[in-house]
Amino acid sequence: MKGAILIKSDATTAGVFPANGADFKLKELQGFVGGLIEIVYLTDDVIMVINEEGKDALPLNMMATVMAKAQSAIFPSDYICGDVLMCPSEMVK
């Protein structure tokens, strides 16, 4: 994975890039997910940035939930809500 993908809760996606061209800053990440961030590790090199307080407050993100479960990154009964940013871990410092 070379870039970042914004996965919206309505299942639409968009490629996104850090403002500085290298790595995302906290404010950028918070803007993508609409609040405080939490990191979900999909693999050693790929992460999902989610809204820490999104559960039950934001719409279910079925695409992100399926992807996270496929990687055993969340418990089988867990789920992800709101928009998420998926990117190489090196893009978040």
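Reader: Let's start with a single pairing. Which residue in E5 is the bridge partner of Ile7?
Author: In general, strands of a sheet pair through backbone hydrogen bonds, either parallel or antiparallel. In this predicted model, Ile7 has Val84 of E5 as its bridge partner. Three bridges link E1 and E5, and the sense is antiparallel.

Reader: How many bridges join E4 to E5?
Author: Four, and these two strands run antiparallel as well. Among the residues involved, Ile47 stands opposite Cys87 of E5. As for burial, five of the five residues of E5 are buried.

Reader: In what order do the strands form the sheet?
Author: The order is E2-E1-E5-E4-E3, an open sheet of five strands with antiparallel pairing. At the edges are E2 (13-16) and E3 (37-41), each of which pairs on one side only. From one strand to the next, the twist averages 25 degrees. On the E2 side, four bridges connect E1 and E2 in the antiparallel sense, and Leu6 has Ala14 in E2 as its bridge partner.

Reader: Where does H2 pack?
Author: H2 packs on the sheet, where it touches E1, E2, E4 and E5. The direction of H2 makes about 125 degrees with that of E1.

Reader: Which residues of H2 are buried?
Author: In H2 (residues 62-70), they are Ala64, Thr65 and Ala68. These residues lie on the same side of H2, because they cover an arc of only 100 degrees around the axis. Their cover includes E1 (4-7), E4 (46-51) and E5 (84-88). After H2 comes Ser72, with a positive phi near 55 degrees.

Reader: Now for the rings. How many aromatic pairs does the structure hold?
Author: A pair of aromatic rings is described by the distance of the centres and the angle of the planes. This structure holds one such pair. The ring centres of Phe24 and Phe32 are 5.7 Å apart and the planes are at 85 degrees, so this is an edge-to-face pair.

Reader: Are Phe24 and Phe32 buried or partly exposed?
Author: Phe24 counts as buried, at 2% relative accessibility, whereas Phe32 is partly exposed, with a relative accessible area of 21%. The cut-off for buried is under 20%.

Reader: And which ring does the charged end of Lys55 sit over?
Author: That of Tyr79, with the charged end of Lys55 4.8 Å from the ring centre.

Conventions. Residues numbered from 1 in each chain as written. Predicted model: local features only at pLDDT ≥ 70, side-chain atom pairs only at ≥ 80, totals over all residues. Heavy atoms only, no water. Buried < 20%, exposed > 50% of the residue type's maximum accessible area, 1.4 Å probe, protein only. Arc of directions from axis to C-beta. Contact = heavy atoms within 4.5 Å. Pairing = 2+ DSSP bridges. Axes fitted to C-alpha atoms, helices over the stretch in contact; angles between N-to-C directions. Phe/Tyr/Trp six-rings, centres within 6.5 Å; stacked < 30°, edge-to-face > 60°. Lys NZ or Arg CZ within 6 Å of the ring centre and 35° of its normal.
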